[in-house]
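Me: I am new to this structure and would like to learn how to read it feature by feature. Please give the general idea each time, and then the case at hand.

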Amino acid sequence: MSRTPGSDPRASAPVGSDELAWPEDAVEVGCILDAWGVKGWFKVQAYSSDAQALFSSRRWFLRAPEGNAPAVVKVNKPLPRLLKILSIREHGEGLVANAQDYADRNAAESLRGARIFISRSAFPAADPNEYYWVDLIGLSVSNRQGEVLGEVLGLIDAGPHSVLRIMPPGLTAPIKPDQERLVPFVAAFVDDVDLEQRQITVDWGMDY
């Protein structure tokens, strides 16, 4: 019922100041792990089991890694702000891609650890009754009785379905795990998702 963010008709457009501008609706969708092969390809880790957001745009915006991510190795190339993707494909359980101006292994290694952001407007349209996680975060959740359960903090991928992580009213993030309300994001419990009204209605009691 939910969908997480993976050729863009603008891929052939020349890179100008407008394209270099950071999208206001940028969403972090993955990272570059390491070089792959000797012809400038690199391995990509998607942050979702459904990597369509990465496939949907040939314009990837990059930022340096944070925390424990692998460090960027600068090999005669600084980390670019915008990467123009030439090809991306599945390889084993992951993805590999290559980009304009990155023609050998040394160049690809300079991208190691980079975080990948894509404009939300470039995502492919979700199928009926499917939603991108990024669109659900921040929505208010109420039950059939009109009682407010809280606000969506995020989701958990539980395999066959996702689970809403809800912050109860009166609390502010970050909160402890035992303070969250967890509601399976499946049709049996979710009556309606109204993205325009930023509201989710569920069949779920306050004391569940």
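Reply: Helices (H or I, at least four residues) and strands (E, at least two) are DSSP runs, numbered from the N terminus. In this protein there are four helices and twelve strands. The model is predicted, so local features need pLDDT of at least 70 and side-chain atom pairs count only at pLDDT 80 or more, while totals for chains, interfaces and linings use all residues. Residues are numbered from 1 along each chain as its sequence is written, and side-chain values use heavy atoms, with hydrogens and water left out.

Me: How many of the residues count as buried, and what is the accessible surface of the protein?

Reply: A residue is buried under 20% relative accessible area, exposed over 50%, and partly exposed in between (1.4 Å probe, protein chains only). Here 41% of the 208 residues count as buried. Accessible areas come from the Shrake-Rupley method with a 1.4 Å probe; for residues, only the protein chains shown count as cover. The protein has an accessible surface of about 11,200 Å², and 49% of that belongs to carbon and sulfur atoms.

Me: How much space lies in the largest pocket, and which residues line it?

Reply: Rolling a probe the size of a water molecule over the atoms shows where empty space is left. On a 1 Å grid over the protein atoms alone, a pocket is an open set of points where a 1.4 Å probe fits, with protein on both sides within 12 Å along at least five of seven lines; lining residues have an atom within 4 Å of a point. Grid points are joined across faces, edges and corners, and a volume is the space filled by probe spheres set on the points. The largest pocket holds about 190 Å³ of space. It is lined by 13 residues, of which Ser-49, Ala-51, Glu-93, Gly-94 and Leu-95 are the closest to its centre. Strand E2 (41-46), helix H2 (52-56) and strand E5 (94-99) each give two or more residues to this lining. The largest share, three residues, comes from E2.

Me: Where is Arg-58 placed, and is Arg-58 buried or exposed?

Reply: Arg-58 sits in the loop between H2 and strand E3 (59-63). Because its relative accessibility is 18%, Arg-58 counts as buried. A polar atom of its side chain lies 2.7 Å from the backbone oxygen of Leu-86.

Me: What is the count of salt bridges?

Reply: A salt bridge is a side-chain nitrogen of Lys or Arg within 4 Å of a carboxyl oxygen of Asp or Glu. By this rule there are seven. One of them joins Arg-105 and Glu-109, with the closest N and O atoms 3.4 Å apart. Both residues lie in helix H3 (residues 105-109), four residues apart, about one turn of the helix. Arg-105 is partly exposed at 31% relative accessibility, whereas Glu-109 is buried at 17%.

Conventions
A polar contact is a pair of N or O atoms within 3.5 Å; within protein, one must be able to donate a hydrogen and the other to accept it, and residues adjacent in sequence count only if both atoms are side-chain atoms.
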